[in-house]
Amino acid sequence: MKEEVVWWNLTPAERTVYLRENHRRLAQLDATQRPANDPRGSVYHLDSTHITDFTSFLCALGEAINGLGGYFGSSMRALDDCAVGGFGATPPFTLIVHQPALCYEGLDSNALAAWCEELIARQYPDDGEEGLVWLRTTLGDARKGQANLFDELIHLLERHRITVELANG
């Protein structure tokens, strides 16, 4: 029996590999082997205890939606794709984030600035100049403390009819 990985003990680089491996395992399954999607209106609970950065958020989200070793994105683009449906959860659904202060701490304005800087350096946006303008504007807002990565993630999810509820405790 294969031992399950405790993702919160991994480094950010190791978590990235873990997320990609979870996606690879899922992608190798044919339609009859994949887990069924939950019905619309389902409710999921995100435990923020171990969220310290973007990769840990994705690990926790995958686990909240699809159980231990679950996958629900390995990057912002992949999260956007998963949020459409077909990866265990079917929008509209509700995500209850427990201890959201931990998410705000680990996914703060510095995390957003670092993410923007990485994409700008890699010239990543598929939407050309418009995407670069958005990244540069968001980077400026993050550097001034006016934007953070957790709120950006919430906005991404909400664009896909996913209700995000912040629950203290």
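## Briefing on a predicted single-chain model

L157 touches L79, A83, L95, I162 and V164, leaving out residues up to four places away in sequence, where contact means heavy atoms within 4.5 Å. The model is predicted, so local features are reported at pLDDT of at least 70 and side-chain atom pairs at pLDDT 80 or more, while totals for chains, interfaces and linings use all residues. Residues are numbered from 1 along each chain as its sequence is written, and side-chain values rest on heavy atoms, with hydrogens and water left out.

**Overall make-up**

- The protein chain contains 7 helices and 3 strands, taken as DSSP runs numbered from the N terminus (helices are H or I of at least four residues, strands are E of at least two).
- Read from the N terminus, the elements follow the order α-β-α-α-β-α-α-α-α-β.
- Of the 169 residues in the protein chain, 42% are buried; buried stands for under 20% relative accessible area, exposed for over 50%, and partly exposed for what lies in between (1.4 Å probe, protein chains only).
- The accessible surface of the protein chain is about 9,200 Å², and carbon and sulfur atoms hold 52% of that surface; the areas come from the Shrake-Rupley method with a 1.4 Å probe, and for residues only the protein chains shown count as cover.
- Among the contacts in the protein chain with a separation of 6 or more, 67% are between residues 24 or more positions apart.

**Nonpolar core**

- The largest nonpolar core has 46 residues, and the members that touch the most other members are L46, F57, F72, L79 and L107; such a core is a set of buried Ala, Val, Leu, Ile, Met, Phe, Trp, Tyr and Cys residues joined through side-chain atoms within 4.5 Å.
- Helix 2 (residues 54–66) gives the most to this core, contributing 8 residues.
- Not counting residues up to four places away in sequence, F72 is in contact with L58, L61, G62, I65, N66, L79, C82, A83, F87, A89 and F93.

**Helix packing**

- Helix 3 (residues 76–84) and helix 7 (residues 149–159) have axes that come within 10 Å and cross at roughly 30°; axes are lines fitted to C-alpha atoms, for helices over the stretch in contact, and angles run from 0 to 180 degrees between N-to-C directions.
- Helix 3 is therefore roughly parallel to helix 7, given that angles under 35 degrees count as roughly parallel, over 145 as roughly antiparallel, 65 to 115 as roughly perpendicular and the rest as oblique.
- The crossing of helix 3 and helix 7 is right-handed; a crossing is right-handed if the near helix is turned clockwise from the far one by less than a right angle, and left-handed if anticlockwise.
- In this pair, M76, L79, D80 and A83 of helix 3 meet L149, L153, L156 and L157 of helix 7.
- The axes of helix 1 (residues 12–27) and helix 2 come within 9 Å and cross at roughly 35°, and the crossing is left-handed.
- On the helix 1 side, P12, R15, T16, Y18 and L19 make the contact, and on the helix 2 side T55, S56, L58 and C59 do.
- Helix 5 (residues 109–121) packs against helix 6 (residues 128–143) at an angle of about 150° with the axes 8 Å apart, so the two are roughly antiparallel to each other.
- Helix 5 passes helix 6 in a left-handed crossing, with S109, L112, A113, W115, C116, E117, L119 and I120 of helix 5 in contact with W134, L135, R136, T138, L139, A142 and R143 of helix 6.

**Two buried residues**

- L157, a residue of helix 7, counts as buried at 3% relative accessibility.
- L157 and L95 are 62 residues apart in sequence, and their C-alpha atoms are 9.2 Å apart in space.
- S48 sits in the loop between strand 1 (43–47) and helix 2 and is buried, with a relative accessible area of 0%.
- Neighbours within four places in sequence aside, S48 is in contact with V97, H98, Q99, L102 and C103.

**Backbone features in loops**

- P91 and P92 are joined by a cis peptide bond with omega of about -5°, and P92 lies in the loop between helix 3 and strand 2 (93–98).
- Q99, in the loop between strand 2 and helix 4 (100–106), has a positive phi near 60° although the residue is not glycine, and Q99 is partly exposed with a relative accessible area of 32%.
- R161, in the loop between helix 7 and strand 3 (162–167), has a phi near 65°, a positive value in a residue other than glycine.
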